[in-house]
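Here is a short report on a predicted model. Please look over the sequence and the structure before reading on.

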Amino acid sequence: MIEFVDLHKSFGQQRVLNGINLTIPHGQITAIIGQSGSGKSVLIKHLVALIRPDSGQVLVDGAELGQLHGKALDLVREKFGVLFQGGALFDSMTLFDNVAFPLREKTRLAETEIATRATQRLEAVGLADMGHKYPAELSGGMKKRAALARALAQDPAIILFDEPTTGLDPILVNSIHRLILDAHKRFGFTAVVVSHEIPEIFDIAQTVALLHDGVIVECGSPEVIMTSANPVVRQFITGGSHGPIRPGPGSQSSSP
Amino acid sequence: MTSPLEAVGRVALAQVQGMGRMTMFLGSACFWACLPPLKLRRIVRQIHFIGVKSVSVILLTAIFTGMVLGLQGYYTLRKFGSEALLGTAVALSLIRELGPVMAALMVTARAGSATAAEIGIMRITEQIDALTAMAVNPMKYLVVPRVIAGVIAVPLLTAIFDVVGIYGGYLVGVKLLGISSGTYFSEMRNAVEMSDINGGFLKSLSFGIIVTWVCTYKGYYTGHGAEGVVKSTTEAVVLSSVLVLVWDYFMTSLLF
């Protein structure tokens, strides 16, 4: 189980997270939604200690990440697969090598076993014949799929999806969401999906948390979020221009 | 409003902080270089990139440097009736100074800039974050092989530079200006001592560290976007070149 306890993070004068309290249920797909620039990516980067909090705790299966360094931290990181916003595929490697990379670096598997597993993961995301291609030769949707194949390579217990559908057309958005859902059913990982694809994200998430002004404003099932009376939640879901949320990235609430 | 004194203090503090961070970076690279496992294939790949791929530019610059030395040396020495010492002048200039310095500057221009740009692009496209999230140490994966490769490749390139430069001086002095071949080489053999060669070797070793250290550091801590990569690449080349020349002065005053 993943837990954020009173998490605070600022960059210079800019306060991004202002006391996050959130529990991510085990084995479910949890979506973190919110405006662009509201700190969703910053929040999930705390889970693999890419960013360290100013104060508060990040707990993964009971281990407090702030207390961990070196090998102990690596052991926690190995529980995770991460699909970065831009894919973050290694552009000097083919897709096959990208998927095989974590297996070659972090396991003692034989090359034949690595090849089998990398091929299986590429098949699982519909890129079976693309292993020889380089990331630069792929479309945006294919890059996301390849990044998912790499994230799945080590059978992680938890996968973080940092805006997996940004920049894709609506058909590809649905296709990536279906892929996440299928992979979740097949591999059974805990998923944390950062997204602002409303309402599509409600189709795949079992829990949805809305991040606004550095705090979790509302957290619950998609039905709870959709029927919420909270004006911030309502404005975000309906996309209205009037309400407590000011338009623009990283905006603060207009209410005092 | 800040006073001029405050502004100067802030700049000075930032410079000291930068130097401290660079030193810590080198210390960290040395620490990780001492810890197993060192993946030989990765080091060999970097030796190929830094060393083998720089051979053509080294050959070209070395032959012309030697030829210019031969030409200038001949006309200068002729004023004193000492043309016979041309081989000595060319060899000592190359072995003690020009070989190590020019080879290091060529490596900076060809491989150093590419290294800074490559690592910088990896930084801005989250590839370094992806390595960290996979529990792969970016220092060990990206920096250590390059520094080791620099320590091996730059002295070898310097040796090539010295030999080819001496041949360039021979072409001009002997084939063009008519000094006898025996005089050119016998005077050289009498004057050049093992301490000269050792000094040049030590210089090239330290230049190998400087170039790879500065270029990997600048790439690793690159700024945002394409502009950040351009800036860090330029800074890498300028700082490496300046440090090579400054360090050369101190090495010369200590060694010879």
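The text below covers the contact between the chains, then strand pairing in chain A, then one residue of chain B.

**Contact between chains A and B.** In this predicted model, 14 residues of chain A are in contact with 10 residues of chain B. Three elements of chain A each give two or more residues to this side: helix H2 (70–77), strand S6 (80–83) and helix H3 (95–106). H3(A) supplies the largest share, three residues. By type, the chain A side holds eight nonpolar residues, five charged and one polar.

**Strand pairing in chain A.** S4(A) takes part in both pairings below. Its partners are S1(A) and S5(A).

| Strand pair | Sense | Bridges |
|---|---|---|
| S1(A), residues 2–11, with S4(A), residues 55–60 | antiparallel | five bridges |
| S4(A) with S5(A), residues 63–64 | antiparallel | two bridges |

Individual bridges can be named. Val5(A) has Gln57(A) in S4(A) as its bridge partner. Leu59(A) is bridged to Glu64(A) in S5(A). S4(A) and S5(A) form a hairpin with two residues between the strands. There, Asp61(A) adopts a positive phi near 50 degrees.

**A residue of chain B.** Val68(B) lies in helix H3 (residues 55–79) of chain B. Val68(B) and Pro155(B) are separated by 87 residues in sequence. Their C-alpha atoms are 23 Å apart in space.

Methods
Residues numbered from 1 in each chain as written. Chains lettered and ligands numbered in written order. Predicted model: local features only at pLDDT ≥ 70, side-chain atom pairs only at ≥ 80, totals over all residues. Contact = placed C-beta atoms within 7 Å. Helix = DSSP H or I, 4+ residues; strand = E, 2+ residues; numbered from the N terminus. Nonpolar A, V, L, I, M, F, W, Y, C, P; charged D, E, K, R; others polar. Pairing = 2+ DSSP bridges.
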